Every structure is written in C-alpha cells, then in structure tokens.
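Hi,

Here is the structure I promised to pass on to you. Have a look at it first, and then read on for what turned up in it.

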Amino acid sequence: MSEHLALNLNLRGVGFHRAGWRHPSATPERVTELDYFADIVATAERGKFDAVFFADSPRLFSDREPLAMSLEPLTLLGALAVRTTNIGLIGTVSTTYNDPYEIAARFASLDQLSGGRVGMNFVTSSGDPLAHNFGYDSHPDFDQRYERASEFVDVVLKLWTGEPVAHAGRFFDVHGTLPIPASPQGHPVLVQAGASNRGRDMAALRAEAVYTGSSTIPNGIEFYEDVKNRAVGFGRRRSDVKILPGLVPYIADTEAEAKALVAELEQLATKNIDVIGQLSTELGTDLSVYDPDSPFPDEAWPSFETHKGGQSRINRLRTWVEQENLTVQQLATKVEKGLGVVHWTTAGTGEQVADELEAWFRAGAADGFNVLVPLHPRGTEDFVEQVVPILQRRGLFREEYESSTLRDNFGLSAPSAPVRA
C-alpha cells in the first residue's frame, strides 16, 4: 500500500450526473471555454490533487449530451499546462484509430513542455459509430483491438527511449527515432482502464496507473490483488501499478443535504427516456422481448467474440446484475440514471466521504481514487474544501506537492526498459 492515497480529478465538462448541466450552479454554456476548465483545475491544484484527467471518444454519445466530451484532450491539456505548476495532466488516446509515432511525439512534446507532468491513458475505443468517423465499416473485434493496443504501446515505449527504433509487427512498421529528449519524469505515465481478463493483463504488463469501476470494497480488493499479482508475474513490483477506482461523490454540510442534492438532480433529469431501448442498443440485444420485471436473462448478454463495445463495461454490468439481482427494467434504469457510469457512488458530509475513502484505502482496495464529481464546478470545490482537509489531518493525503512531476507525485519509480510479455 502507498504511504498516502492519490487523487485524480476527471474533467468531464458537464459532470457525471445526467442533469448536472441543468443545476442552477452549473454553467454548461462555458464547456468549450479555456477559463472554465482552468478554474476547475486551479481548484484541484489548490487541493493538491495528483492529476486531472480528460477522457476522449471522438463521436457524439447522444443528442441529449452534445457537449459531454466536445474537446480534444491534448489540445486542452496543452493550454492548461501553462496555467498550472504541479498538477498532472492525463489525456486519452485511442490505440485503434491513431498512429503510434504521431502519438508518441505529441505526448512527449507536452511532457517536455510541462516539465514532466503528462500521462497517457490508452484505450481501444468501442462501437461501430466511432469506426464510421474514420472511414471503416465496423469496429474491430475484441481480440484484434487488444492485439493492436499491445503493439501500439510497445512502439510508443520504444520511441520514448530516444533510441533508434526498427519495429516490424502485425499492425505497425516504424523505423526511426523520436527527436524529443526525455522529460524530467523520463516519459509520460501510462494509464489504462480495463476489467476484462485481457485488460487486466495489459494493465499489469504496461500500465502505471489503472482506472477501475470497482463498486464495493470486496470487488475492489479482488481487482487490486489480481492486477498487482499479475504485475509481479510479469517481473514488476506491486508498487509499479497504482489502482484508482472511480468515485462519484455528493457532498454537503449534512448527510440529509447531500441526499437532497441527489434528489434535486434527479428531479431535473429528463424522464421520458426509453431506458430499455437505450440498453438494447448498447448491448446489441432486443430487450423488449423480455418481461421488464423479470430477472435479467443470461442469454441477453452480448457475445464476447462479436461485441464491439467495451468488454470491461459488460463485465461490470453483469456484476451489478449478479450482486443486486436486477430485473431488465432495474438494470436499464440504473445505467441511464448513472449516465453510463458504473462506479461507486456515495452521498454524505465531507467527513463521511473521507471515512469511506479511508476504509477503501486501508482495506487494500485502492491506492487512490479517480474522482468523478456529479456537477462542475461545485463538485470539485466541495471535495477540495470539505474532504481534502480531513484526509490531510488524518495523514492520508499530502499537504504540499512532493515534486513537480506526475511520476514522483504518484510515487512511481523512474521508467525502465519495457517489460516483455
């Protein structure tokens, strides 16, 4: 276990409640303005967060959320680099629809310019609609996506060494050298999120920080121990991989007020949604043929071999059904209510939330947390003002940054030569 926990803020512009943008404190009209994000990140840096994270999926999620992820991550993080001093800057890249040399150069450049504060979150992306944006008829199957992702990351790591690269593989042929010197942290921190068996192996082999959808301490411990043990099996140390479950916190001066905020946002949420139809589209299965009040049928889950969406997400949905005995209607409602987020959600005072974070940390279910506030900017302010001071008083979180690099603040060692599977 780390000496203190790590905190990472997810920068999803409209927050992680489906009606966060409708709250009186929200300013959704500003989600394409630099100052909007700069103000949120300044709050996180004041709270000594390790990093901020900007996700990416270059497609429209739905016409109800056209601004959910509207900016390209590295462009935004580059602008934020000059507005910040110590906080890390993590951006997402699709290994399915990018070139490793170009991506290696872009992230190495920003890592150099920011003084070693950059992380690269690598994903395989999901869904045919995204493939259509890039001129493909369909999204590759699961195995092909992961094979390409593994080779992609290998090539990027080779390029980041600064040595000449002569790579000839199934997906990429790269012969050349990246003309960018190493940053103060060596190279960008590698971040990954994946709960499938293949995803866990990749996390254990390559990732230095792992975002996970663990929703209880027991399944958090299972994921934590499994990935750490796999890392050891690949010749790495347990401390080489930081496990950061997602957390959606509703915080107020009293527990009743925190729960009232949840209820307020629910009242603001659009209700005339065909939730079963939405889930049918995601799973590629017609759920309307089943009794909505019957237990979710096992045969309705998509085939592992043919599903074009994220396998780890399906695993998390299955866990919900198994643990909570959900019906078709209940699962569809839960997915829509959570804005597709499958993470642990809590509501309470700053002290109550801090108690829960401490419980996860001391139980060995997390090295830290990926904080997904339900609405911006209030959610970040509430966390920094009401939770962080309590964690600091308990000796669970830093009072000042240890370093100006993301790698050092995460407590990660200097990068070594890539591990071979």
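The largest cavity has a volume of about 70 Å³. A cavity here is a set of points, on a 1 Å grid over the protein atoms alone, where a 1.4 Å probe fits but cannot get out; grid points are joined across faces, edges and corners, and the volume is the space filled by probe spheres set on the points. Lining residues have an atom within 4 Å of a point, and for the largest cavity they include A108, D111, W160, S183 and H187. Across the whole structure, the search finds 5 cavities of 30 Å³ or more.

Before you go further, please note that this is a predicted model: local features need pLDDT of at least 70, side-chain atom pairs count only at pLDDT 80 or more, and totals for chains, interfaces and linings use all residues. Residues are numbered from 1 along each chain as its sequence is written, and side-chain values use heavy atoms, with hydrogens and water left out.

Let's stay with one of the lining residues. S183 sits in the loop between β6 (173-176) and β7; helices (H or I, at least four residues) and strands (E, at least two) are DSSP runs, numbered from the N terminus. Is S183 buried or exposed? S183 counts as buried because its relative accessible area is 9%, and the cut-offs are under 20% for buried, over 50% for exposed and in between for partly exposed (1.4 Å probe, protein chains only). The side chains of S183 and D111 are joined by a polar contact of 2.6 Å. That term stands for a pair of N or O atoms within 3.5 Å; within protein, one must be able to donate a hydrogen and the other to accept it, and residues adjacent in sequence count only if both atoms are side-chain atoms. Leaving aside neighbours within four places in sequence, S183 is in contact (heavy atoms within 4.5 Å) with D111, Q112 and G116.

Now for the overall picture. The protein has 15 helices and 11 strands, and 57% of its 421 residues count as buried. Among contacts between residues at least 6 apart in sequence, 77% join residues at least 24 apart.

In soluble globular proteins, nonpolar side chains tend to be buried together. A nonpolar core is a set of buried Ala, Val, Leu, Ile, Met, Phe, Trp, Tyr and Cys residues joined through side-chain atoms within 4.5 Å. Which residues touch the most other members of the largest one? They are L7, F49, W160 and F383, out of 72 residues in that core. Helix α5 (residues 142-160) gives the most to this core, with 10 residues. A second, separate core of 18 residues includes I273, W301, W320 and V328.

Helix α6 is also mostly covered, with 7 of its 10 residues buried. Among the buried ones are G199, M202 and L205. The elements that cover them include β4 (118-123), α5, β7, β8 (209-212) and α7 (217-233).

UniProt, in an unreviewed entry, places the feature "binding site" at D56, T92, Y146 and S196; its positions are given in the numbering used here, feature names are shortened, and annotations may be inferred rather than shown by experiment. D56 is in the loop between β2 (51-54) and α2 (73-81), and it counts as partly exposed because its relative accessibility is 26%. S196 is in the loop between β7 (189-193) and α6 (197-206), and with a relative accessible area of 2% it is buried.

Finally, some backbone details to look up in the viewer:

- The peptide bond from H376 to P377 is cis, with omega near -5 degrees; P377 lies in the loop between β11 (368-371) and α13 (378-386).
- K48 is not a glycine, yet it has a positive phi of about 65 degrees. K48 is buried, at 16% relative accessible area.
- N325 also is not a glycine and has a positive phi, of about 50 degrees. N325 is exposed, at 63% relative accessible area, in the loop between α10 (311-324) and α11 (328-337).

Happy exploring!

Definitions and conventions. 1 Å grid on protein atoms, 1.4 Å probe; cavity = no way out; pocket = protein on both sides within 12 Å on 5 of 7 lines; lining within 4 Å.
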